[in-house]
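Grab a pencil and work through these exercises with the sequence and the 3D view side by side. Try each task yourself before you read its solution.

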Amino acid sequence: MNFATEVAKNLLQIKAIKLSPQNPFTWASGLKSPIYCDNRTLLSYPVIRDMVVEGLVEKSKLFQPFDLVAGVATAGIPHGALLADRLKLPFVYVRAKAKEHGRQNLIEGELKSGQRILVIEDLISTGGSSLQAVEALRSEGCIVVGVLAIFSYE
């Protein structure tokens with residue numbers, strides 16, 4: 001069984017994937033879909049979580065070298081943090097919009113201009129939130145080497 005098939009099988013097994021053809025889900029983009037996948041569910045399953053992190057470690061080699069991992073808020077945060085921990089790299093996360101209080105940060109964590117960054121999403125539907133995160137990081141003078149996700153709806 002290949003890795004993608006194994007991940008899909010596990011997501012179905014833990015009921016992270018929901019099907020509702022009669023009453024479609026509304027994605028963050030506003031699109032309607034009969035399928036929804038909540039990758040946050042796999043965080044409750046250490047064996048599956050570890051398998052996914054190992055997959056991200058393997059895929060991240062395609063983008064090396066990079067200095068830092070950035071998660072896209074909110075569901076990309078835990079997967080990105082787990083990957084950064086495994087790679088012993090710094091981690092930041094990018095919000096959808098700047099906070100309206102406190103320091104009003106769009107990007108949380110320490111970031112330096114010129115750093116090479118790998119962006120982590122939990123999933124990609126339209127790519128809008130990924131592109132928004134990439135633009136935010138580039139606006140800080142960083143180089144985005146790629147975006148990885150557990151899966152995409154294509």
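This is a predicted model: local features need pLDDT of at least 70, side-chain atom pairs count only at pLDDT 80 or more; totals for chains, interfaces and linings use all residues.

**Exercise 1: How do α1 and α2 pack?**

Task: Work out whether α1 and α2 are roughly parallel or roughly antiparallel, and list the residues that meet.

Solution: 
- Step 1. Pick out helix α1, residues 3-13, and helix α2, residues 46-60.
- Step 2. Their axes come within 11 Å of each other and cross at roughly 150 degrees.
- Step 3. Angles over 145 degrees count as roughly antiparallel, so that's the label for α1 and α2.
- Step 4. The handedness of this crossing is left-handed.
- Step 5. On the α1 side, the contact uses F3, E6, V7 and N10, and on the α2 side I48, M51, V52 and G55.
- Step 6. Sort those residues by class and you get five nonpolar, two polar and one charged.

**Exercise 2: A closer look at N10**

Task: Is N10 buried or exposed, and which residues does N10 contact beyond its sequence neighbours?

Solution: 
- Step 1. N10 is part of helix α1.
- Step 2. Its relative accessibility is 9%. Buried means under 20%, so N10 counts as buried.
- Step 3. Skip the neighbours within four places in sequence, and N10 is in contact with I48 and M51. Both of these residues are in α2.

**Exercise 3: How do α2 and α3 pack?**

Task: Now take α2 and helix α3 (residues 76-87), and find their packing angle and their contact residues.

Solution: 
- Step 1. These two helices pack at an angle of about 65 degrees, and their axes are 10 Å apart.
- Step 2. The range from 65 to 115 degrees counts as roughly perpendicular, which is why α2 gets that label relative to α3.
- Step 3. α2 passes α3 in a right-handed crossing.
- Step 4. From α2, the contact takes in R49, D50, V53, E54, L56, V57 and S60. From α3, the partners are H79, L82, L83, R86 and L87.
- Step 5. By class, that's six nonpolar, two polar and four charged residues.

**Exercise 4: S33 and A28**

Task: Decide for S33 and for A28: buried or exposed?

Solution: 
- Step 1. S33 lies in strand β3 (residues 32-33). At 6% relative accessibility, S33 is under the 20% cut-off, so S33 counts as buried.
- Step 2. The S33 side chain reaches the backbone oxygen of I35 at 3.1 Å.
- Step 3. Leave out residues up to four places away in sequence, and S33 touches P24, F25 and W27.
- Step 4. A28 belongs to the loop between β2 (25-26) and β3. Its 89% relative accessibility means that A28 counts as exposed.

**Exercise 5: D38 and its surroundings**

Task: How far is D38 from K18, C-alpha to C-alpha, and which backbone atom does the side chain of D38 reach?

Solution: 
- Step 1. Look in the loop between β4 (35-37) and α2 to find D38.
- Step 2. D38 has 23% relative accessibility, so D38 counts as partly exposed.
- Step 3. D38 and K18 are 20 residues apart along the chain, and their C-alpha atoms are separated by 8.2 Å.
- Step 4. The side chain of D38 reaches the backbone nitrogen of R40 at 3.0 Å.

**Exercise 6: Cis peptide bonds**

Task: Which residues do the cis peptide bonds with omega of about 5 degrees and about -5 degrees join?

Solution: 
- Step 1. With omega of about 5 degrees, the bond joins Q64 and P65. P65 is in the loop between α2 and β5 (68-72).
- Step 2. With omega of about -5 degrees, the bond joins A73 and T74. T74 lies in the loop between β5 and α3.

How values were computed. Residues are numbered from 1 along each chain as its sequence is written. Side-chain values use heavy atoms; hydrogens and water are left out. Axes are lines fitted to C-alpha atoms, for helices over the stretch in contact, and angles run from 0 to 180 degrees between N-to-C directions. Helices (H or I, at least four residues) and strands (E, at least two) are DSSP runs, numbered from the N terminus. Angles under 35 degrees count as roughly parallel, over 145 as roughly antiparallel, 65 to 115 as roughly perpendicular and the rest as oblique. A crossing is left-handed if the near helix is turned anticlockwise from the far one by less than a right angle, and right-handed if clockwise. Contact means heavy atoms within 4.5 Å. Ala, Val, Leu, Ile, Met, Phe, Trp, Tyr, Cys and Pro count as nonpolar, Asp, Glu, Lys and Arg as charged, and the others, Gly among them, as polar. Buried means under 20% relative accessible area, exposed over 50%, partly exposed in between (1.4 Å probe, protein chains only). A polar contact is a pair of N or O atoms within 3.5 Å; within protein, one must be able to donate a hydrogen and the other to accept it, and residues adjacent in sequence count only if both atoms are side-chain atoms.
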